[in-house]
Amino acid sequence: MREWMVGIFPNLNKENVRNALPAVVKAAEHAKIKVAFPLEIAEEFGVPGYDQEDPASLSRLDFAMTLGGDGTILRAARYVTPLQVPLIGVNMGKVGFLTEACFPDLEKVLKKLADGAYTIEKRSMLQLSIWEAGKIIKKGHALNDMVLESADRSRLTRLRMRIAGQPSANFPSDGIIIASATGSTAYSLSAGGPVVHPSLSVMLITPICPHALHARPLVIPMKDTIEIEPYPPFEEILVSADGMTIASLEKTQKVIVERCPFDAKFARLSPLRYYETWQDRLLRNEGQTIV
């Protein structure tokens, strides 16, 4: 029987994650499954290594397992989703909307993966391209959201937006969040956007502190393309994908956001109980629980 290779994507900034790595190696041995660690620490633990910047290295992985919170999943997703490597998150953070299990269940998780006792859930992603003079000069993809915001928080951005070729919005604000259904519980939610079931193929457009009473969040089909460009007076606008700044938008450029040509894949070990868990996880983030 073929032995699976699970790439471990740990948040090495967390002490509890670093301390847990020897237990990961031991759990993999018990589950009779191979694990690979980032190259910089693989030799220390006597396991194969992978280079996250090298697609050929990542393509050897059957799964990408994250140790941390949702931010760790988003970072891993940048590298493995284009290769269609399924993600599975082990929560060692706080909220863990995207995670599948907690660390005490790690060995059980690895055994289920080895036995094929999982299903694959697909999540729609966003693709952003920056255009200038009719050419694409930058591309990026995101699982949660794309954000255009002022580089100077004391200055407003002025962005003109078209949806499916139709003029839609034109107001000053601190910026605009374009979120997927998965990202509806992230930055968009904090800015007043709605919570959307992750199975829906939609994009959320959420203005950040708009200086206009009519500006409200908008949910649109993911098949519709969003086009955004700055208008005067111009300020420096930063463009980010899942919290990572990828460009500074020039006044001669425009941004197009559309459905990504590939989906994110998640390995699920049990049926999703979204309606039961989403509120509990939000309250947990606030230090509360459902009574």
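Visitor: What share of the 291 residues of the chain count as buried?

Guide: The figure is 51% of the 291 residues. Keep in mind that this is a predicted model.

Visitor: How many helices and strands does the chain have?

Guide: The chain contains seven helices and 20 strands. Its radius of gyration is 20 Å, close to the 19 Å that the globule rule gives for 291 residues, so the chain is as compact as a globular protein of that length. The C-alpha trace spans about 60 × 50 × 35 Å along its principal axes.

Visitor: What share of the contacts with a separation of 6 or more joins residues 24 or more positions apart?

Guide: Such pairs account for 66% of those contacts.

Visitor: Now charge pairs. How many salt bridges does the structure hold?

Guide: The general idea first. Side chains of opposite charge can pair when their charged atoms come close. Here there are eight salt bridges. Take glutamate 107 and lysine 111, whose side chains meet at 3.4 Å, N to O. The two are separated by about one helical turn, because they sit four residues apart in helix α5 (residues 106–115). Glutamate 107 is partly exposed at 27% relative accessibility. Lysine 111 is also partly exposed, at 37%.

Visitor: Which parts does the salt bridge between arginine 268 and glutamate 121 join?

Guide: Their side chains meet at 2.7 Å, N to O. Arginine 268 belongs to strand β20 (residues 264–268) and glutamate 121 to strand β7 (residues 119–123), so the pair ties together parts that are 147 residues apart in sequence. Both arginine 268 and glutamate 121 are buried. They also belong to a network of salt bridges that links Glu100, Glu121, Arg123 and Arg268.

Visitor: Let us turn to a loop residue. Where is serine 184 found?

Guide: Serine 184 is in the loop between β13 (175–180) and α6 (187–190). Its relative accessible area is 0%, so serine 184 counts as buried.

Visitor: Which residues does serine 184 contact, leaving aside its neighbours within four places in sequence?

Guide: They are Leu189, Pro194, Val195, Val196 and Leu204. The C-alpha atom of serine 184 is 5.9 Å from that of valine 196, twelve residues away along the chain.

Visitor: Next, the backbone. Which peptide bond is cis, with omega near -5 degrees?

Guide: The general idea: most residues other than glycine have a negative phi, and most peptide bonds are trans. In this model, the bond from proline 232 to proline 233 is cis. Proline 233 lies in the loop between β16 (226–230) and β17 (237–241).

Visitor: What is the phi of alanine 164?

Guide: Alanine 164 has a positive phi of about 55 degrees, though it is not a glycine. Its place is the loop between β11 (157–163) and β12 (166–173). Alanine 164 is partly exposed, at 41%.

Visitor: And what is the phi of cysteine 209?

Guide: Cysteine 209 has a positive phi of about 45 degrees, and it is not a glycine. Cysteine 209 sits in the loop between β14 (202–208) and β15 (218–221). With a relative accessible area of 54%, cysteine 209 is exposed.

Key
Residues are numbered from 1 along each chain as its sequence is written. This is a predicted model: local features need pLDDT of at least 70, side-chain atom pairs count only at pLDDT 80 or more; totals for chains, interfaces and linings use all residues. Side-chain values use heavy atoms; hydrogens and water are left out. A salt bridge is a side-chain nitrogen of Lys or Arg within 4 Å of a carboxyl oxygen of Asp or Glu. Buried means under 20% relative accessible area, exposed over 50%, partly exposed in between (1.4 Å probe, protein chains only). The radius of gyration is taken over C-alpha atoms; the globule rule is 2.2 Å times the number of residues to the power 0.38. Contact means heavy atoms within 4.5 Å.
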